Amino acid sequence: MKLIRLAGIASAALMLSACCGQQIPLVYDVENSGAHYAKPALPEMGELKACESLPDPLEWSDGSGKVEKFKDWERRRSEILAEIQHYETGVKPATPKECVSARLQGDTLLQVCVRIGGDSLNINAPVRIPEGEGPFPAIIGLGFGARPGSLPPDIFSSRNIAVVSFPFWEVMNHTQTRGKEPVNRILPEYEENGAYTMWPWGVSRLIDALELVSDQMRIDTRHLAITGCSFAGKMALFAGAFDERIALTIAQEPGGGGAAAWRVSETLGHVETIERTNYAWFKESMKNFELENVKYLPMDHHELCALVAPRALLVLGNPDYPWLADEAGYVSCVAARRVWENFGIADRMGYSFQAGHMHCMLPEEQKPQVEAFVDKFLLGKDVPTEVTYAPMFGEVDLERWIKW
């Protein structure tokens with residue numbers, strides 16, 4: 001099996017890549033570089049136009065043309081971000097860094113306090129810091145327990161990469177009760193938000209804290225990754241899409257509601273569709289787009305994936321589990337990767353669909369692919385990261401969905 005092909009571009013250690021005379025960053029030092037742009041028009045349901053295929057992620061929301069140069073991607077990205085948050089998850093609260101304080105307890109626990117108004121929210125994140133002077137790259141692990149998601153810990157321990165675990169339940173429970181979650185104490189006006197906005201909000205506050213104590217923790221905050229599997233794979237994808245300080249996103253088996261395109265999932269039978277998803281994770285109003293109404297969504301989840309661009313993204317799938325709608329995930333990944341291809345940085349986005357293993361158990365065949373992305377985008381090694389593996393979907397009619 002040919003899993004990885006030579007990329008042939010400059011090392012990630014340079015932190016920049018040339019494309020058509022432009023310099024394309026591998027990571028940003030702000031949460032949202034496009035926050036200053038005005039939102040696009042966000043029509044009500046009855047005013048939206050039907051689109052049976054996947055919308056072009058490079059086309060401006062008003063239909064006036066397409067992004068041609070990388071310098072314009074920041075504004076187009078802000079449009080997609082506004083649409084996803086408006087129609088699916090709710091708006092991610094903007095929180096000044098001055099609201100966040102942090103304290104490291106004995107190299108094993110990072111205590112984060114977010115104070116807004118007269119109340120506060122505490123996040124207690126277990127950490128594992130390698131021995132030595134550093135600074136060390138770090139991976140934020142999502143899910144249960146003090147682990148790098150569901151990925152083998154040795155991938156990171158053998159490379160002197162710190163592990164920071166995000167206790168998502170201290171922000172919002174797996175199945176929230178709207179208005180009664182920990183985060184609602186300090187942000188009561190956002191009670192209609194789904195978890196896939198509020199969990200990423202919590203991750204961003206954790207990154208704020210890492211920046212505050214980076215010297216003490218010996219953490220290189222320019223080389224942060226995030227990962228999770230299943231519902232936490234969705235969480236990793238949304239967090240990586242919503243915060244540009246994350247250099248590498250590894251979304252493991254994120255399934256429907258994650259990388260999978262809603263439009264494609266609707267054609268696949270009993271999989272996670274808009275009708276069948278967990279609405280604790282999304283806005284209740286997203287139900288307007290279930291079944292035949294999915295064609296009215298002005299965007300789809302190939303554009304959620306594309307929000308990570310120009311940073312690095314690796315999507316891992318497991319077609320043995322039909323509920324994950326991995327055919328829709330494959331179509332979405334192919335469509336999203338066109339954005340990276342458009343800017344000449346296709347080696348920063350990869351996907352791998354591998355059968356024959358348990359859910360959230362990384363098979364040996366995928367481990368070298370993960371290691372390559374870690375080596376390149378966290379350690380700056382000049383290694384190939386051209387990963388586009390999905391042989392089981394070779395007969396899928398991509399032209400049905402991707403018409404641009």
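For the counts below, Ala, Val, Leu, Ile, Met, Phe, Trp, Tyr, Cys and Pro are taken as nonpolar, Asp, Glu, Lys and Arg as charged, and the others, Gly among them, as polar. Please bear in mind throughout that this is a predicted model.

Begin with the second largest pocket, which holds about 560 Å³ of space. Select Asn32, Ala35, Leu81, Lys92 and Ala94, which are the closest to its centre of the 27 residues that line it. By class, the lining of this second largest pocket divides into 12 nonpolar, 6 polar and 9 charged residues. Next, colour the helices α1 and α3 (195-212), each of which supplies at least two residues of that lining; α1 gives the most, with 6 residues.

Keep helix α1 (residues 73-89) selected as you move to the largest pocket, because there, too, this helix gives the most to the lining, with 5 residues. The largest pocket has a volume of about 660 Å³, and of the 29 residues that line it, Trp60, Ser61, Asp62, Gly63 and Pro298 are the closest to its centre. Its lining residues comprise 15 nonpolar, 2 polar and 12 charged.

Finally, select Glu399, which lies in helix α10 (residues 398-401). Is Glu399 buried or exposed? Its relative accessible area is 65%, and because exposed means over 50%, Glu399 counts as exposed.

Definitions and conventions:
Residues are numbered from 1 along each chain as its sequence is written. This is a predicted model: local features need pLDDT of at least 70, side-chain atom pairs count only at pLDDT 80 or more; totals for chains, interfaces and linings use all residues. Side-chain values use heavy atoms; hydrogens and water are left out. On a 1 Å grid over the protein atoms alone, a cavity is a set of points where a 1.4 Å probe fits but cannot get out, and a pocket is an open set with protein on both sides within 12 Å along at least five of seven lines; lining residues have an atom within 4 Å of a point. Grid points are joined across faces, edges and corners, and a volume is the space filled by probe spheres set on the points. Helices (H or I, at least four residues) and strands (E, at least two) are DSSP runs, numbered from the N terminus. Buried means under 20% relative accessible area, exposed over 50%, partly exposed in between (1.4 Å probe, protein chains only).
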